Amino acid sequence: MKISEELKDDLLSRGYSRRQMMRAAMMFGGAATALTLNPELAFAADAKRGGVRIGQNECWTGPMAPGAAAAAAVISQSNRYVPNNEHDDLVKAIAMIEKVPADHIMTWPGSNEGLARSVVAFCSPTKSLVQADPTYETAAKAANYLKTPIKGIPLKADYSHDIRTMAAADANAGVIYVCNPNNPTGTMTPQSEIAWLVDNKPAGSIVVLDEAYIHWTKDYPNNTNSHLVAAGKDVLIMRTFSKIFGMAGMRIGYTMGRPELLAKLKLHDGGSLSGQLPIPSAACATASLTAKTLIDQRRKTLMDNSAMTVDFLSKRGLKLIGPSEANMLMIDWKTKTAKEMQMAFRAQGVEIAGPRWASWPTVSRISIGSKQDMEGFFAAFNKVVSA
Ligand SMILES: Cc1ncc(COP(=O)(O)O)c(C=O)c1O
């Protein structure tokens with residue numbers, strides 16, 4: 001693998017050995033596959049097809065109608081590399097909705113790509129990844145691959161991020177990763193704490209804010225943090241179309257940040273991956289972003305189905321970790337492991353998440369699906385738990 005002088009200088013200046021440097025360079029050249037870096041994708045590959053699928057935090061339904069129509073309309077023109085400026089249109093739509101300049105946006109085939117790259121770009125053997133425990137695993141997977149240190153800071157008693165402890169965890173931190181709302185708990189960290197972190201983090205570190213599930217939360221859109229990007233702070237915000245927009249299989253996500261921070265994310269490949277989104281996916285994303293009524297309908301459906309599920313489980317005395325504001329709930333079985341429960345539900349045709357968060361071995365994550373999905377889950381629960 002050939003790496004540019006600029007990338008070599010960047011990696012060596014951050015304390016990579018020559019061997020580690022090659023691993024960093026190879027990470028996006030195919031050595032670490034998308035499957036190993038993207039946990040939901042990796043577990044989805046193993047999940048049983050058919051039945052009730054509430055294991056991967058996917059949306060219960062597909063793309064919104066205007067998005068699906070836009071994608072279908074452009075398929076017949078996809079003999080052209082760029083039929084009608086679909087990629088530029090997507091960036092313009094994001095810029096308008098998020099109120100950030102277009103050059104502060106970089107698209108990817110899924111936000112995992114930007115997340116993993118942020119670790120390569122800003123961490124090193126001497127610059128750690130600071131994150132919550134438990135949290136979404138992609139950043140840690142990238143750090144493990146590169147052998148960069150990880151500081152895992154337990155969530156607070158209310159399951160928000162312990163921002164003050166995270167800020168103090170390593171004076172030489174490279175990335176401070178905040179997943180808001182957090183996966184797997186769905187819990188929120190107050191905006192004021194995030195603003196405090198951005199102003200008080202160790203010099204030289206970057207705050208990576210993962211807002212994959214932000215559209216589901218009760219205060220959306222007033223709780224987003226795009227204004228920190230517009231204000232030129234040391235922040236990268238990750239977003240995805242895999243969740244409320246129902247486009248996980250269409251693979252689109254994006255990163256917002258200052259242009260010089262984004263430039264570091266593409267040192268490895270000159271940004272070529274960013275420019276290669278499938279045209280139907282880009283068209284679908286653009287048309288979905290502005291479908292406000294449909295977004296609000298999905299939010300309401302999620303909130304109703306989540307409340308129904310919380311009610312069902314609470315009445316049966318189950319301890320729920322939360323409150324979750326996203327399309328997931330964590331159930332503490334206390335006397336059974338997440339693996340045992342995954343197998344028991346699978347036998348009933350219901351896929352829930354397996355053992356992913358070592359600090360919580362008796363806790364399972366279920367995703368909130370359609371009303372019908374949740375009723376399927378309740379029926380299985382009655383068999384599994386009373387068995
Ligand atoms: C917290 C979080 N961030 C990012 C992603 C990445 O999603 P994608 O690569 O599909 O955009 C996921 C997927 O489940 C997630 O849960």
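Domain bounds here come from an automatic or database domain assignment. On that basis the protein chain splits into domain 1 (39–61 + 292–386) and domain 2 (63–289). The model is predicted: local features need pLDDT of at least 70 and side-chain atom pairs count only at pLDDT 80 or more, while totals for chains, interfaces and linings use all residues. Residues are numbered from 1 along each chain as its sequence is written.

Start with the two domains. Their centres, taken over C-alpha atoms, lie 24 Å apart. The contact draws 25 residues from domain 1 and 22 residues from domain 2; two residues are in contact if their C-beta atoms, placed from the backbone, lie within 7 Å. On the side of domain 1 that touches domain 2, helix H14 (292–315) and strand E10 (328–332) supply at least two residues each. Helices (H or I, at least four residues) and strands (E, at least two) are DSSP runs, numbered from the N terminus. H14 gives the most to this side, with five residues. By class, the side holds 13 nonpolar, six polar and six charged residues. Ala, Val, Leu, Ile, Met, Phe, Trp, Tyr, Cys and Pro count as nonpolar, Asp, Glu, Lys and Arg as charged, and the others, Gly among them, as polar.

Last, a strand pair. E3 (residues 129–133) and E4 (residues 150–154) run parallel, joined by five bridges; pairing requires that DSSP finds at least two bridges. Val130 stands opposite Lys151 in E4. From E3 the chain crosses through helix H8 (residues 138–146) to E4, a right-handed β-α-β crossover. Right-handed means that, with the strands pointing away from the viewer, the path from the first strand over the helix to the second runs clockwise.
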